[in-house]
Amino acid sequence: MISFELTDSQLEVQRMARELTAKRIIPNIAEQDRAQEYNPQLIKDMAKADLLGFCLPEKYGGLGMDYISLGLASEELEYGDTSARVVLSVHIGLYCLPVCTWGNEAQKEKYLVPCAKGEKLATFGLTEPAAGSDAIGIQTTAVKKGDKYILNGEKMWISLADVADYFIVFAWHDLDKKKARDHSGLSAFIVEREFAGVTTSTIHGKLGVRAGNTGSIAFTDVEVPAENLVGNEGEGFKIAMFCLDQGRYTVAAGSTGLIKACRDACVKYSHERETFGTPIANHQLVKQMIANMEAGYEFSRLLWLKAGWKKNLGEPNTRETSMAKWIACREAEKAAAEAVQVHGAYGFSDEYPVERFYRNSKGASIYEGTREVHTLMQADYVLGLRKDKPLRVHLPIVEQG
Ligand SMILES: Cc1cc2nc3c(=O)[nH]c(=O)nc-3n(C[C@H](O)[C@H](O)[C@H](O)COP(=O)(O)OP(=O)(O)OC[C@H]3O[C@@H](n4cnc5c(N)ncnc54)[C@H](O)[C@@H]3O)c2cc1C
């Protein structure tokens, strides 16, 4: 049965995330963004509010909440700033949920429980200097030597690269050409920052998400214990795509929160600002922009809720998640551009938050599958050119309650 009512525990997560956003993000974010400063205190605040593991099973240190709660928290955090939602995307979406699904019991005990409890921070490393959309173009290698894999390569554009404790990374364990074509030479590994040969750095001068850390990770003869292989050898591509199904979901919900932030800023400003003897809220072309934001918000929200509902049931949702991510990011870019427009010259300065929204909105059409990648996926589904095969594992099924 479909219900649009949020349950008590979903409302509670929404309230916690909203409170953290109001008290800990919004008051300082303009300054941090201007200074391009990552705020380590935010992670501590998120951990204290149980926001780093709430939708993981209680057995592994989480609160056992559902995936709609994850979407709600993403919406609320990105209402404050994209950099805060990115923490949920990489830590929970791209790392914890995949390790919970594909990892073995020993890996979950060692590498999931501390993350779910907010004691450790984790991220996801797929992209490299020469390969983003074309994931099988990556060049990082993992050569098996006894009971270890020796990792060499470089990951780039990795969120939280310079601050995370654990990374789920993807590398070729087998360079056979046939295995490259069918992806079966790719594997996934958990790597610790503390392993010898791991070095990281921060990328400066980004267009948006300036209060977030984004960087590179280099692996030089890193000895990764064989027990850190996630899933089986050759399952790396499937695991990477599974990670993206969860990360993209948080991006979709987060972008929906960004649309709402644009809408609310415009509603406030259009009642205050007067031209031609009346608040600009009374001009029909301004109303048009605000109505567009409202429509974008509503349908983006419905799309991520649909994907979350399927996740709760343990049903395949790659198609729905891709649609939600594609549309929410597109609508967020439009809403942010129109929010600057509604603010006129003031929207062109950092006196108002909409210029930050505008810069932040761009990234989401690039990461976790570019706009073009999702467009092609959706076309291929309807053309019958793409069918997702069932995976051997699926997200833990949760009670929606
Ligand atoms: C702020 C930020 C944070 C990020 N965080 C992470 C992270 O935590 N972990 C991680 O692994 N990566 C991360 N990324 C990297 C991101 O996932 C990649 O940038 C993305 O996958 C696109 O890859 P690319 O930049 O190499 O672009 P390319 O793949 O080189 O694409 C360039 C252009 O060509 C288009 N294009 C490519 N192929 C096709 C095609 N077949 N048909 C049509 N058009 C095509 C693309 O849509 C794009 O417009 C992050 C990026 C940013 C900006």
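These are my notes, starting with the ground rules.

**Ground rules.** I am working with a predicted model, where local features need pLDDT of at least 70, side-chain atom pairs count only at pLDDT 80 or more, and totals for chains, interfaces and linings use all residues. Residues are numbered from 1 along each chain as its sequence is written.

**Overall build.** I looked up the secondary structure and found 12 helices and 10 strands in the chain. Both are DSSP runs numbered from the N terminus: helices are H or I with at least four residues, strands are E with at least two. The C-alpha trace spans about 80 × 50 × 40 Å along its principal axes. I then checked the radius of gyration, taken over C-alpha atoms, against the globule rule of 2.2 Å times the number of residues to the power 0.38. For 401 residues a compact globule would come near 21 Å, and the chain has 21 Å, so the two agree.

**Domains.** I noted domain 1 (8-121), domain 2 (123-234) and domain 3 (238-383). The bounds come from an automatic or database domain assignment. The C-alpha centres of domain 1 and domain 3 lie 20 Å apart. Their contact takes 25 residues from domain 1 and 27 residues from domain 3. Contact here means C-beta atoms, placed from the backbone, within 7 Å. On the domain 1 side, helix H2 (29-35), H4 and H5 each supply at least two residues. H5 gives the largest share, 11 residues. I sorted that side by class: 12 nonpolar, 6 polar and 7 charged residues. Nonpolar covers Ala, Val, Leu, Ile, Met, Phe, Trp, Tyr, Cys and Pro; charged covers Asp, Glu, Lys and Arg; the others, Gly among them, are polar.

**H4 and H5.** How do the axes of helix H4 and helix H5 cross? For residues 67-80 and 82-102, the axes come within 6 Å and cross at roughly 150°. I used lines fitted to C-alpha atoms over the stretch in contact, with angles from 0 to 180 degrees between N-to-C directions. H4 is therefore roughly antiparallel to H5, a label for angles over 145 degrees. Leu-70, Ala-73 and Leu-77 are among the H4 residues that meet H5, whose partners include Leu-88 and Ile-92.

**Ligand shell.** Which residues come nearest the ligand? Of the 22 around it, they are Thr-127, Gly-132, Ser-133, Thr-370 and Glu-372. A residue counts as near if its C-beta atom, placed from the backbone, lies within 6 Å. Strand E1 (122-125), strand E3 (148-159) and helix H12 (371-383) each supply at least two shell residues. Domain 2 and domain 3 each give at least three. By class, I noted 10 nonpolar, 9 polar and 3 charged.

Terms used:
Parallel < 35°, antiparallel > 145°, perpendicular 65-115°, else oblique. Contact = placed C-beta atoms within 7 Å.
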